[in-house]
Amino acid sequence: MVATATLALLAWLLPDFRIESPSGDSPTQIAVTAAVGAGAFGVLSALVWPLLVRALLLVPALVLGALVFFLNGSLLLVALRFTPDGRGEVTPATAVVIAAVMSAASSATSTALAVRDDAAYGRRLARLAGRRRRRAGEPPLPTTPGTVFLQLDGVGHDVMRDALTSSPPAMPTLAGWLGSTHRLTPWRTDWSSQTGASQLAILHGSNHDVPAFRWFEKETGQVMVCNRPSSAAELERRAVARTGCPGLLAADGASRGNLFSGGAEQSALVMSVAARRDKFSRSRSGYFAYFSDPANAVRTAWSFVAEVGREIMESTAARLRRDRPRIKRGGLYPLLRAFATVVERDVAVAAVVGDMLAGRTAVYADLVAYDEVAHHSGPDSRDARKVLSRLDRSVRLIADAARYAPRPYRIVLLSDHGQSPGETFEGAYGITLRELVRTACGLAETARQARRRAAGGAEARAAARTALRRPERGRRAPEEAECGGPPEQPVVLASGNLGLVTFPGIEGRATLEEIEQRSPGLVDVLARHPGIGFVLVRSAERGPLVLGPEGSEHELATGRIKGDDPLAPFGEGAAAAVLRADGYAHTADLMVNSACDPATGAVHAFEEQAGSHGGLGGPQSRPFVLHPVELPAPDVPLVGAEAVHQVLHGWLAAERPRQAAVPARATDTVPAAAPQ
């Protein structure tokens, strides 16, 4: 009825669209024509649209999102041919507009009906899930609870606690859970407080030899970057080889929107899977499953445009308020933000709901919206707080859908790291880490190198490149490493407030003595800089050595300290975290951690980021787990992401003996209803 009325209204409003004969028709005849056209359009959308999406699996996902409007317009042109006596006439350009408006009206009506009649909505979802199981010929699902792990990327423990306990709470749904059904527990990250290291350990049980978000490997001459598909696949392979276990999700699990698969048979939007040629389209199947419903595509497209506008307004307001720190938010960033906060969120949430309706045992999904916005606006900004409210609505939708799943579900929320605020290193001192290193080495900065700065938004940028099927940037001579220079020149990389300096011309891990011989004074310049908290270097005589301001030292092997402990401002466990990283094969010759203000937790990112993570200092090292109270809380403080893996694995293993094996499902399922 709504589609019919919409079509009739558009025919009255648009001059080059009509659904009546040239001589005119009665209102009844116009209504019949509109009903036939709307009905034919609906049938074609239901029957032909999924086939079109399957035929377009090779089209990049974001291109498909735009192509949806033109394909919808084509279906409308065909549908109007079914009107009585050919009364429907429209130009192709107008058909695109009409199809978009009709899809939007249909989506809004479906949403309103679902909100007003929860029971009908639940029965519809249950019927969808029941039909899928009957078609697959699967045995009845177990009645033991399944588990959904939702990673709120970059949300620190203190940010989450404030969002739940403030008045009014920024996340009202989760605020209602806290203290009644769920318990909030902090944990401490490793030195490398970033998604690559944390999620690899959480999903695969080990993050050994992951010193940072990006690092240089001398034996291959390549830069590993955690969110590159080829690097993610290699890191996952190394972790599986080290632990001997496929991962947390190996038993009937699903991995959605993550860097790593966790051993799940069902993976969508997963970086490590995108590197496998035979499974590339499958890794992106979540996009196609979601966009196979034209109403989903229209809804997400409108939300995408609204998010771009929101970012432009918020960045303008921040500039007028003269907020500090402030970084550049122009160029492509509004599009990258909209991709991370709208497209990735909608697709991941819809996939999780589909997994629950299919009765999968364990689902792990990463929602990156907060992390992306906090990098550019700051972790405590009003922009980031608004994102938390939208994430809360996504969690509520998942929780509501769980009521209609064929088995009960427990929802566990967790984060992989927090974020620490602070002025960038360059903003505070007028020089980048690369420039500081090259100057101390007596090397001139070329104009080309001066133009190249580590850009923010790396996570969203990599995800967007994968969705667009863009090839990886070269790993042998990447723009962020300048590896194409002579081997005596150092390679300087940044991972948040953690810097890595490597000398490719020195075989193996360079010692303090070798570095002093090649670049006298470099280590002292770095250690004494007011924006640098400490430098880790391996001494041939004294072993791993932490050097800090004013000649302070901390010998990690013996625990001897000279002057003030340079690790004291970084809290309990800093020495153990640094000592563990020192044992990695690919730890850089010099590991440079920025200074930290113990009172505020502010650090200096070596990248263009208003909120950063990747090293030690401030809230970035203190994420959280929000879990149902019936799941046993850890007996000891959780230190390191590998400890979190042990807890999550224990929760899943406790249910495994009580449930029958569930065969792996051959296809991904996404419900017809999509997140708002």
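An open sheet of seven strands runs in the order E12-E13-E18-E14-E15-E16-E17, with antiparallel pairing. The model is predicted. An open sheet of eight strands, with mixed pairing, has the order E8-E7-E9-E3-E10-E20-E4-E21. The largest nonpolar core counts 59 residues, and a second, separate core counts 42.

- Strand E14 (residues 532-539) and strand E18 (residues 590-594) run antiparallel and are joined by four bridges.
- Within this pair, Leu536 has Met591 of E18 as its bridge partner.
- Helix H18 (residues 433-440) lies across E12, strand E13 (498-502), E14 and E18, and runs at about 155° to E12.
- Helix H23 (residues 574-582) also packs on the sheet, where it touches E14, strand E15 (543-547) and strand E16 (553-555). The direction of H23 makes about 40° with that of E14.

- Strand E8 (266-268) and strand E21 (638-639) are the edge strands, each pairing on one side only.
- Five bridges link strand E4 (residues 182-188) to strand E20 (residues 624-628) in the antiparallel sense.
- The bridge partner of Pro186 in E20 is Phe624.
- Helix H8 (residues 195-204) packs on the sheet through strand E3 (146-152), E4, strand E9 (362-367) and E10, and its direction makes about 175° with that of E9.
- Helix H24 touches E3, E4, E9, E10, E20 and E21, with a direction at about 180° to that of E10.

**Nonpolar cores**

- In the largest core, the residues with the most contacts inside it are Trp191 and Val578.
- Helix H24 (residues 641-655) supplies the largest share of this core, six residues.
- The second, separate core includes Leu174, Tyr370, Ala374 and Ala402.
- Beyond four places in sequence, Trp191 touches Leu498, Phe534, Leu536, Ala577, Val578, Ala581, Met591, Asn593, Gly614, Gly615 and Leu616. Among these contacts of Trp191 are Leu536 and Met591, which are bridge partners between E14 and E18.
- In soluble globular proteins, nonpolar side chains tend to be buried together.

- His417 sits in the loop between strand E10 (409-414) and strand E11 (420-421).
- The relative accessibility of His417 is 0%, so this residue counts as buried.
- The His417 side chain makes a polar contact of 3.3 Å with the side chain of Thr195 and another of 3.4 Å with that of Asp416.
- Leaving aside neighbours within four places in sequence, the residues in contact with His417 include Asp153, Gly154, Thr189, Ser193, Thr195, Asp371, His613 and Gln620.

**E5-E6 hairpin**

- Strand E5 (residues 214-217) and strand E6 (residues 222-225) run antiparallel and are joined by four bridges.
- Four residues lie between the two strands of this hairpin, and Gly221 in the turn has a positive phi of about 70°.
- Arg214 and Phe216 point one way from E5, Trp215 and Glu217 the other way, and all are buried.
- Phe216 stands opposite Val223 in E6.

- Helix H16 (residues 382-402) has 21 residues and reaches 31 Å from its first C-alpha to its last, close to the 30 Å expected.
- Buried residues of H16 include Asp383, Arg390 and Asp392, along with Val387, Leu388, Leu391, Val395, Ile398 and Ala402. Ala402 is also part of the second core.
- Ala40, in helix H2 (residues 27-55), is buried with a relative accessible area of 14%.
- The C-alpha atoms of Ala40 and Val78 are separated by 8.5 Å, although these residues are 38 residues apart along the chain.

**Backbone exceptions**

- Most residues other than glycine have a negative phi, and most peptide bonds are trans.
- Ser167 and Pro168 are joined by a cis peptide bond with omega of about -5°; Pro168 is in the loop between helix H6 (157-165) and helix H7 (172-177).
- Asp252 has a positive phi, near 55°, and lies in the loop between helix H9 (229-243) and strand E7 (253-256). The relative accessible area of Asp252 is 13%, and the residue is buried.
- Glu550 has a positive phi of about 55° and is located in the loop between E15 and E16. At 73% relative accessibility, Glu550 is exposed.

Terms used: Residues numbered from 1 in each chain as written. Predicted model: local features only at pLDDT ≥ 70, side-chain atom pairs only at ≥ 80, totals over all residues. Heavy atoms only, no water. Core = buried A, V, L, I, M, F, W, Y, C linked by side-chain atoms within 4.5 Å. Buried < 20%, exposed > 50% of the residue type's maximum accessible area, 1.4 Å probe, protein only. Contact = heavy atoms within 4.5 Å. Pairing = 2+ DSSP bridges. Axes fitted to C-alpha atoms, helices over the stretch in contact; angles between N-to-C directions. Polar contact = N/O pair within 3.5 Å; in protein donor to acceptor, adjacent residues only side chain to side chain. Expected span 1.5 Å × (residues − 1).
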